[in-house]
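Subject: Structure handover

Hello,

Here is the structure I promised you. Please open it beside this email and follow along.

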Amino acid sequence: MKSFTLRLALLAALALVAFGCTGKRVAIVNTDMVYKESVASEKGTDYLRSISADMQKTYEAAAAKVENAKGKKGKEAAQAEMQAALVEMQQRLNAEQQQVVTALTDAYKTAMENCRVKGKFDVIIPSEAALAHDPQIDITKQVLDEMNAMPIEFTPIKPEAPADQPADQPAQ
């Protein structure tokens, strides 16, 4: 990992030297700060927390059903039902997390490109890749402002409806 980081930093330094010598405009952005402080990240985190809270309630209800089940067959049926619900919840949570990550990544890329064009930069380098840089070329605030101006909303992913036709019939 250290070797990769060192190579990345060396590559960034070489790029800065090369662009500096040719009059190209370079900017730096702190990606971590943009993700941590953006309104979209806060919305995404709140959205995932609310889904997790709903899923926690569903899990607690299923666990209570297992606890209150009568007889061996009743407990087994309740446990199978709870296990199926857990698998479904995990799949949904994964899909919801992917939706949030994709939306944030797309917004970040758009904000970066907008700032690159507006600032007439030839390249924007993540601050993590730069060994050292002049704070005057840091455009993190502009990227954050650009991203915060975007209307990003998250909506629950609807589960897929089961197929109406039997599995042995081919689709037409």
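Start with Tyr-35. Its relative accessible area is 25%, so Tyr-35 is partly exposed. The cut-offs behind that label are under 20% for buried and over 50% for exposed. Keep in mind that this is a predicted model.

Now the aromatic rings. How many aromatic pairs does a search of the whole structure find? The search finds two. In one, the ring centres of Tyr-35 and Tyr-108 are 5.1 Å apart. Their planes meet at 35°, so this pair is tilted. Tyr-35 sits in helix α2 and Tyr-108 in helix α4, 73 residues apart, so the pair links distant parts of the chain. Tyr-108 has 10% relative accessibility and counts as buried.

Tyr-47 and Phe-154 form a stacked pair. Their centres are 5.7 Å apart, with 25° between the planes. This pair also links distant parts of the chain. Tyr-47 belongs to helix α3, while Phe-154 lies in the segment after α5, 107 residues away. Both residues are buried.

Next, look at α3 itself.

Last, find Gln-97 in helix α4. Is Gln-97 buried or partly exposed? Its relative accessibility is 36%, so it counts as partly exposed. The C-alpha atoms of Gln-97 and Tyr-47 are 9.5 Å apart, though 50 residues separate them along the chain.

Best wishes

Methods
Residues numbered from 1 in each chain as written. Predicted model: local features only at pLDDT ≥ 70, side-chain atom pairs only at ≥ 80, totals over all residues. Heavy atoms only, no water. Helix = DSSP H or I, 4+ residues; strand = E, 2+ residues; numbered from the N terminus. Buried < 20%, exposed > 50% of the residue type's maximum accessible area, 1.4 Å probe, protein only. Phe/Tyr/Trp six-rings, centres within 6.5 Å; stacked < 30°, edge-to-face > 60°.
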